[in-house]
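Subject: Structure handover

Hello,

Here is the structure for you to look over. My notes follow below it.

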Amino acid sequence: MSVRRLAEDKFQPASFAFNEENAAWAEATIRKYPEGRQQSAVIPLLMRAQEQDGWVTKPTIEFVADMLDMPYIRVLEVATFYTQFQLKPVGTKAHIQVCGTTPCMLRGSEELMKVCKKKIHAEPLERNESGTLSWEEVECQGACVNAPMVIIFKDAYEDLTPERLEEIIDAFEAGKGSDVPTGPQIDRIFSAPEGGLTSLTEDITPVRWGEGQSAQADDAEKAKG
Ligand code: FES
């Protein structure tokens, strides 16, 4: 897990502002929360800012804090805690977040990180020469049953081998990331067992609520004779 600090000053822009569309969206989002609870909008606002500019800058943090009437330190705490917020510029075509927590580590995440080091940069959170790719190690992303896995922007790619990750990185670099299926990269449906179901394999005839009720009533009538 890398230390999460704001980017150096040389990366920081002079200011931040939402564009017109995002400003209207931000105002509407803030209004969803009860009076006095507007600070609850901090995560959606930071995420929208990141989607607009690609990462969360120091001026972004101050801008969102001012919008929500929060101390800067409170917004900084949120931005530095959650790894979905990027605190320095990341690859424009893909930022690969490799889960390195125990289940993924036991299933080969260290080999996935070797692929990232080879294909992108030896150090996490550093971009490749063209600025299109970057990577980092993150903590559990909640898909342990399909370990090892990576997140690229908002999508998860699971049941990975080093070879499959190389193919995925190549696809994103070629601008064809949207062609890569998300989720399991093997013969697995969602988080079901690999290779098909091992239990609950029989066909189940669904019973509707109304049908079940009348059947019970019929049984009761028959019992009365
Ligand atoms: S340990 Fe990797 S997704 Fe949970």
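Start with the layout: the centres of domain 1 and domain 2 are 27 Å apart, taken over C-alpha atoms. Domain 1 covers 9-81 and domain 2 covers 94-184 in the protein chain. These bounds come from an automatic or database domain assignment.

Some ground rules. This is a predicted model, where local features need pLDDT of at least 70, side-chain atom pairs count only at pLDDT 80 or more, and totals for chains, interfaces and linings use all residues. Residues are numbered from 1 along each chain as its sequence is written, and side-chain values use heavy atoms, with hydrogens and water left out.

Cores

The largest nonpolar core has 21 residues. (Such a core is a set of buried Ala, Val, Leu, Ile, Met, Phe, Trp, Tyr and Cys residues joined through side-chain atoms within 4.5 Å; buried means under 20% relative accessible area, exposed over 50%, partly exposed in between, with a 1.4 Å probe and protein chains only.) Val 42, Leu 45, Leu 46, Val 56, Val 64, Leu 68 and Val 75 touch the most other members. Two or more residues come from each of helix H1 (20-31), helix H2 (42-53), helix H3 (58-67) and helix H4 (72-81). H2 gives the largest share, 5 residues. (Helices, H or I of at least four residues, and strands, E of at least two, are DSSP runs numbered from the N terminus.) A second, separate core has 20 residues, among them Val 98, Cys 116, Leu 165 and Ile 169.

Pockets

The largest pocket has a volume of about 330 Å³. (On a 1 Å grid over the protein atoms alone, a pocket is an open set of points with protein on both sides within 12 Å along at least five of seven lines, a cavity is a set where a 1.4 Å probe fits but cannot get out, and lining residues have an atom within 4 Å of a point. Points are joined across faces, edges and corners, and a volume is the space filled by probe spheres set on them.) Each domain gives at least three residues to the lining of the largest pocket. The lining has 14 residues, and Met 47, Gln 50, Gln 84, Phe 153 and Lys 154 lie nearest the centre. By class, 4 are nonpolar, 8 polar and 2 charged. (Ala, Val, Leu, Ile, Met, Phe, Trp, Tyr, Cys and Pro count as nonpolar, Asp, Glu, Lys and Arg as charged, and the others, Gly among them, as polar.) H2 gives the most to this lining, with 3 residues.

Gln 50 is found in H2. Gln 50 counts as buried because its relative accessibility is 11%. Beyond its neighbours within four places in sequence, Gln 50 is in contact (heavy atoms within 4.5 Å) with Trp 55, Val 56, Gln 84, Phe 85 and Gln 86.

The second largest pocket has a volume of about 230 Å³. Val 3, Arg 4, Arg 5, Lys 88 and Leu 125 are closest to its centre. Its lining has 7 nonpolar, 2 polar and 5 charged residues.

Backbone

Most residues other than glycine have a negative phi, and most peptide bonds are trans. Leu 125 has a positive phi, near 60°. Asp 159 also has a positive phi, about 55°. Asp 159 is buried, at 6% relative accessible area. The peptide bond from Ala 147 to Pro 148 is cis, with omega near -5°. Pro 148 sits in the loop between strand S2 (133-138) and strand S3 (150-152).

Best wishes
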